Amino acid sequence: MSAMPASVPQVLYGPSSVTVGRGALAHLGQVLAGVGVAAGRVLVVTDVTLTRLGLATRVVDLLTSARFEASVFSEITGEPTDAVADAVAARARQVRPDAVVGIGGGSALDMAKLAAAAPTNPGPMVEYFAGRPFTAPPVPLVLVPTTAGTGAEASRNAVITRGGVKVFTGGPHLVARAAILDPELTVSLPQAVTAWTGMDAMSHCLEAMLSTNATPLTDAVAAQGLQLIRTFLPRAYADGADVAARAQMLVAAFLGGVSLNAGMVLGHSIAYTLANRLHLAHGLSCALALPACIAYNAAAAALRGIARALGVPEEPAAVLGDVLRLEAAVGIATAWRDVGVRAADLPAMVDECLARYPRPNNPRPLERDALLRLYERAWAGALLD
């Protein structure tokens, strides 16, 4: 397990309350009261799909019955751009809500974070994705995930796409005051999305344990997350109506979000180089990248703890083999060429990885020649060779 340097204070960020269980969404009014908002205006941030399915209306009805005045921002389609970030910020500054409720996948939850921060932090959102910090506390924020993967409901980060490239912002002022984990909201997820989001959660947990910024606290939640994912992702994939498995996956994804306090390592860097070219769902790109991350960091001491969490021998090959078998069991390709990556693009992808997404907290320094060999092996599906 990770040692925490006595000379470097560590902070673990996360929501102050988490409501978990079947039907938990019905307690939205009580959750808001619990974070100090018993009345007033609430801005609901969600996406186009959930609005079409009626979930936004359901949330508005819950808020109205709890005597809140609700309005909705639902202009999110796919992964948000800087234009969407500015649009949600403008809406929040216009509404001046007493609280923000975000419901949906990671994109909607990230935009809800911006909506909560925008009324007290002026200026274009692009400035915050270029390094400007959020300095003023946000309005109270409650996040409700409808996928079990990103852990955005627990993290202090937000992601957008700008000019076709992923960019990030973060900080303690983006952390939700409360989260609601209701497995009933995830039972209709398609099999593929269940697999991709589940492997996103696994990437968060496993990469957090590899990070040189890991602490005993992040290791503890990440290890528990890995155990839950290894047990319950195949069940949720096989039977989407298995509410018990769905509930455990929501908890695992939340734990993955908490483990993001340690920071991600090479896996997420590789994932962005895949997504930027193929426009893959984030969870799928993370799933494709995770085995390569394990292979590159095969000498990392943290792999022993990861092996224990997965219940496999404490050897790098055992960890890698177990993750590859899990991915194959949930329908994820194990060779990059099978998802359309071109061999000719690999050198440029390595250069992008080093230039745009360096990871000083990766346990093994990133070296171009070694990364190129890694990319070539992943492309061929030969990481275990």
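Helices (H or I, at least four residues) and strands (E, at least two) are DSSP runs, numbered from the N terminus. The model is predicted: local features need pLDDT of at least 70, side-chain atom pairs count only at pLDDT 80 or more, and totals for chains, interfaces and linings use all residues. Residues are numbered from 1 along each chain as its sequence is written, and side-chain values use heavy atoms, with hydrogens and water left out.

Glu327 lies in helix 13 (residues 316-329). Glu327 is buried (under 20% relative accessible area; exposed is over 50%, partly exposed in between; 1.4 Å probe, protein chains only). Glu327 has no salt bridge (a side-chain nitrogen of Lys or Arg within 4 Å of a carboxyl oxygen of Asp or Glu). Arg230, the nearest side chain of opposite charge, is 11 Å away. Here Lys and Arg count as positive and Asp and Glu as negative; His and the chain ends are not counted. Contacts (heavy atoms within 4.5 Å) link Glu327 to Met199, Ala287, Leu290, Pro291, Ile332 and Ala333, leaving aside residues up to four places away in sequence.

Rings of Phe, Tyr and Trp (its six-membered ring) pair if their centres lie within 6.5 Å; planes under 30 degrees apart count as stacked, over 60 as edge-to-face and the rest as tilted. Phe168 and Tyr357 are edge-to-face, because their planes meet at 80°, with ring centres 6.4 Å apart. This pair links distant parts of the chain, 189 residues apart: Phe168 is in strand 7 (residues 165-170), Tyr357 in the loop between helix 14 (346-356) and helix 15 (368-380). Phe168 is partly exposed at 33% relative accessibility, whereas Tyr357 is buried at 4%. Trp336 and Tyr375 also pair edge-to-face, at 5.1 Å centre to centre and 90° between the planes. Trp336, in the loop between helix 13 and helix 14, is 39 residues from Tyr375 in helix 15. Trp336 is buried at 1%, and Tyr375 at 0%. Phe168, Tyr272 and Tyr357 form one aromatic cluster.

A charge sits over a ring if NZ of Lys or CZ of Arg is within 6 Å of the ring centre and within 35 degrees of the ring normal. Arg337 lies over the face of Trp379, 5.6 Å from the ring centre. Arg364 lies over Tyr296 at 3.9 Å.

In strand 4 (residues 99-104), six of six residues are buried. Ala99, Val101 and Ile103 point one way, and Val100, Gly102 and Gly104 the other. Strands pair if DSSP finds at least two bridges between them. Strand 4 runs parallel to strand 2 (residues 40-45), joined by four bridges.
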